Amino acid sequence: MSTPLAAYEQCVSAGKLKNDEAQRQVIAHLEALHGALSLAPRQGFLSRILPNKKIAAPRSLYIWGAVGRGKSLLMDMFFEALAMPSKRRVHFHAFMQEVHASSHRWRQEIETKQLKQELLPTVARDIARGARVLCLDELQITDVADAMIVSRLFSSLLADGVTVIITSNRPPEELYLGGLQREKFMDFVDLVYARMEVLELASAQDYRMQQIRAMQAVYMWPVSRHADAAMDEMFTQLTHHAEIMPMTLEVQGRKLTVPQSYGGIARFRFADLCEKPLGAADYLAVARRFHTVFLSGIPKLGPEKRNEARRFVTLIDTLYDHRVKFICTAGAQPAELYAGGDGSFEFQRTVSRLAEMQSRQYLDLPHIT
């Protein structure tokens, strides 16, 4: 589609989206930004003929709202409609992992060669060379290392002419609440309000939950071709037919691979999470990062699979505590998954939680990050 608004109108006309006034207000701002970027002079050409002149970028956007309101979807419409090669869309968590890796490389380079340049502006300059427009999805700050650098990093990106579009579940002032040295992080909040247009996507509807409630089941058994096809369809619907990417979570210095992810939705196989030597810290990282988790191929477990059963208990406890929506295929009903073996008595709590996690009351609870 030629513009974000045209893409939105087509989806509404085709019945893929409901006409939502709150979404229309946000898409209008994205439409205006799309037009400004399409008309703006190219930084590379002007920097060659006017090497000392900084080219002002169109004003960046910070879009926030509750889960399921369509923030990522609208940003994707904007991104797909933007006809320029120097654009990038990435999840905020993955972006910050790249920033830390780049910072490590540049720190070594600066110290080894005794270069007279500042670290974060140098990292930002590298990013700016590859992306004139940077779309960052699902911004949340939980790590003190991120909190301490985002103000300087984004200040440098904006100074280098990058237009940034951010989505988040929280307004800027509610980010990193209770975090260590939060007073230093507040520089980032001030920067957002000073240099970006802050928009609330205030739709009353949680479209993600409407889709989940409309599903015939979120716990499908037994594992079969039909169940796999149903899960594929659910995943496709909830991710809006978007491009699905793997991502990596860092957990206590280790890397945990998420095979498929989009926004706050992740998809795993049972083997990915419960047949590997993972523990509570790994499951906690998943539960905080994703509001919806798909898990395929939960087998019926015998006594020889006590370790897998124990990990599954920890996984479900963690997802439950964080109110993560859980969609799965399994080899048996919950009560028959692990009927005998070490820890089978404790497994009854998992049976109860799996049943509760299918209820309307549980599905209506907000995700706890």
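Residues are numbered from 1 along each chain as its sequence is written. In this predicted model, local features need pLDDT of at least 70 and side-chain atom pairs pLDDT 80 or more, while totals for chains, interfaces and linings use all residues; side-chain values use heavy atoms, without hydrogens and water.

**Exercise 1.** Find out whether the radius of gyration of the protein agrees or disagrees with that of a compact globule.

*Solution.* 
- Step 1. The radius is taken over C-alpha atoms, and the globule rule is 2.2 Å times the number of residues to the power 0.38.
- Step 2. For 369 residues, the rule puts a compact globule near 21 Å.
- Step 3. The protein has 22 Å, which agrees.
- Step 4. Of the 369 residues, 50% count as buried, where buried means under 20% relative accessible area with a 1.4 Å probe, protein chains only.

**Exercise 2.** Describe the sheet that contains β6 and state which strands stand at its edges.

*Solution.* 
- Step 1. The protein has 15 helices and 11 strands; these are DSSP runs numbered from the N terminus, helices being H or I of at least four residues and strands E of at least two.
- Step 2. Strands pair if DSSP finds at least two bridges between them. An open sheet of 6 strands has the order β6-β11-β10-β9-β8-β7, with mixed pairing.
- Step 3. β6 (219-220) and β7 (245-251) are the edge strands; each has a single partner strand, so one side of each lacks a neighbour in the sheet.
- Step 4. β6 and β11 (residues 325-330) run parallel and are joined by 2 bridges. Tyr219 is opposite Cys328 in β11.
- Step 5. Helix α13 (residues 306-321) packs on the sheet and touches β10 (292-298) and β11; contact means heavy atoms within 4.5 Å.
- Step 6. The direction of α13 makes about 160 degrees with that of β10. Such angles run from 0 to 180 degrees between N-to-C directions of lines fitted to C-alpha atoms, for helices over the stretch in contact.
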